[in-house]
Amino acid sequence: MKGPDLILFNGKISTLDAQSPYASAIAIRDGKVETLGGEELTATADDNTQLIDAKGRRVIPGLNDSHIHVIRGGLNFNMELRWDGVPSLALALEMLMEQAKRTPPPQWVRVIGGWTEFQFVERRMPTLDELNLAAPDTPVFILHLYDRALVNRAALHALGYGKDTPDPPGGMIERDRNGNPTGLLIAKPNAMLLYSSLAKGPKLNFEDQVNSTRHFLRELNRLGLTSAIDAGGGFQNYPDDYRVIYELAKAGELPLRIAYNLFTQHPKGELADFSQWVTMTQPGQGDDFLRMNGAGEMLVFSAADFEDFLEPRPDLPAMMEEELAAVVRLLAEKRWPFRLHATYNESITRFLDVFEAVNRDVPFNGLRWFFDHAETITQENLERVKALGGGIAIQNRMAFQGEYFLDRYGERETAHTPPVRSMMAMDIPVGAGTDATRVASYNPWLSLYWLVSGRTIGGTLLYPEANHLSRMEALRMYTEGSSWFSGEEGKKGTLIPGALADLAVLSADYFEVPEKEIKAIDSVLTVVGGKVVYGGEEFGNLVPPLPVSPDWSPVGSYGGYHRSDASGASAPLATRKQADPSHRHTRIWLPRQRRFWDLGCDCFAY
């Protein structure tokens, strides 16, 4: 009999199979798990079998992010300077200055999400003076969560924002005493100003977008991700912005399995969008590497309750129910699964009123639907979700902004944001993820750390011990749990015979390392469908390196998620104000005003 295509042996394999939870070897044939066992499996190899010694490392099923903006992230990855994981603001600004020097006109330097001030040893944001000093001539756009963006003088000029530029609906352009924009763009209460401003920047050409997407997908593979559910995104138009991912799928060159949702782009035109799309495609269209998953996370703009915990909770407009009902009714009639962004319990109550009303006329009857986020959902509304057969996809957004929530709402409310234990106790489907790339980092190990430790990236304890998950519970949520959200239960998330052969060999043992070291784990060998898609350390020769284009891309100098050697350990500039001990910034919380930050000098004025 012909031997397996691949045998991985000498590993500590966590199968997540209750009947046979551990093995030391796995045989793979035709993209699926064939057999698990011990070293005896190597005897089944023939001359065409790829034999890989795991060197005693921990092996897990490939991770599956149930909510990530992977398609949009891929189109932009090579343009973006990542501050994800950078330990100090001094180093972050050094990177920005160096990147500004190599970025040609008219391109911008973009830092788009994935970071928090609390990760920095300085525990503060950059100032606008620092941005202008680091990049006096190159436009700089720095997005911080969903709440605001910092842009330098050159970017204000490129954007065309001046004294006479009016504040857009739902946003504010901060101004100095003379009425001139300072460079601070504030979401009040939604992120449209931030997104629309970012969208004005230059894009990569198609060939560079292909290269950019390849690099982003390999970066996700490097972190042990083998599947992702794409939640669409602002300014991610269907089908135009899906061309790159379709081309890679058609060529059989996707190293990550992607199920994608369609996200409406037109306020007041949402029903028209979905009415057109139901004639163009259908859920399940595609294959195991790229398939259409349904609608959302934006169904109607009037239902968007973007979280900005530095501002009061926004009230949704009165017309929301009518607009949402029309779209959900269409989706239920066409049997389209759907997902909906939902931060606050007050919003969720109104959404469930709509869903229950539609269900009475057009029964969901097993139609897969779910909320995304649900940080403040109550027990009563969890019961309503359960009754309608829904699920909840959670992400570690609180790990990046839990300090803000804690300051505004207090410890009692923070202790169950979101109430994961209650969801699990009620047997509601729960999948884990990140909501990368414009809020949290795409690094899944930060999300796993948050679930296990109950702490933010900055180390603040948010949850009591009773609300922490065990390491196995968190891993199951990131593998088996996420598979429900694309209707792929049983196909992925476990390493059992017949399942898709997706796995990651880890750099450190997830089950044994100290809790704080979970954040530093990555994969040294990632396999998707029995094919090695990433190799690091002793496995680095198994996958050829990727060239980077364009040649000025930050990826060529810094890679993606920060590693100690990625930036060359460059020293901070002596000329930078923040490095001067006489120029100190101290955070002053103003609970009543809820200002973003106040500093002991006038760095924001110029």
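Two strands are taken as paired if DSSP finds at least two bridges between them, and by that rule an open sheet of four strands has the order β5-β4-β1-β6, with mixed pairing. Helices (H or I, at least four residues) and strands (E, at least two) are DSSP runs, numbered from the N terminus. The structure is a predicted model, in which local features need pLDDT of at least 70 and side-chain atom pairs count only at pLDDT 80 or more, while totals for chains, interfaces and linings use all residues. Residues are numbered from 1 along each chain as its sequence is written, and side-chain values use heavy atoms, with hydrogens and water left out.

**The four-stranded sheet**

- In the sheet with the order β5-β4-β1-β6, the edges are taken by β5 (32-37) and β6 (50-53), each of which has a single partner strand, so one side of each is left without a neighbour in the sheet.
- Neighbouring strands of this sheet are turned by 15° against each other on average, direction ignored, where axes are lines fitted to C-alpha atoms, for helices over the stretch in contact, and angles run from 0 to 180 degrees between N-to-C directions.
- Strand β1 (residues 6-9) and strand β4 (residues 25-29) run antiparallel and are joined by three bridges, with L6 standing opposite I28 in β4.

**The six-stranded sheet**

- A further open sheet, of six strands, has the order β3-β2-β7-β21-β22-β23 and mixed pairing; β3 (22-23) and β23 (531-535) stand at its edges with a single partner strand each, so one side of each lacks a neighbour in the sheet.
- Strand β2 (residues 12-14) pairs with β3 in the antiparallel sense over two bridges, and S14 stands opposite Y22 in β3.
- Strand β21 (residues 503-506) runs antiparallel to β22, to which four bridges join it, and V505 stands opposite L525 in β22.
- In strand β22 (residues 523-528), six of the six residues are buried, so the strand is largely enclosed by the rest of the structure; buried means under 20% relative accessible area, exposed over 50%, and partly exposed in between (1.4 Å probe, protein chains only).
- Four bridges also join β22 to β23, which run antiparallel, and the bridge partner of V528 in β23 is K531.
- The hairpin of β22 and β23 has two residues between the strands, and in this hairpin G529 takes a positive phi near 60°.

**The crossing of α9 and α10**

- The axes of helix α9 (residues 320-334) and α10 come within 9 Å and cross at roughly 45°, which makes α9 oblique to α10.
- Angles under 35 degrees count as roughly parallel, over 145 as roughly antiparallel, 65 to 115 as roughly perpendicular and the rest as oblique.
- Residues of α9, including L324, V328 and A332, meet a set in α10 that includes F351, V354 and V358, contact being defined as heavy atoms within 4.5 Å.

- In helix α11 (residues 379-387), the residues N381, L382, R384 and V385 are buried; they cover an arc of only 160° around the axis, which puts them on the same side of α11, the arc being that of the directions from the helix axis to the C-beta atoms.
- On the other side of α11, E380 and A387 are exposed.
- The buried residues of α11 pack against α10 (345-361), β18 (369-373), β19 (391-395) and α14 (420-425).
- After α11 comes G389, whose phi is positive, near 75°.
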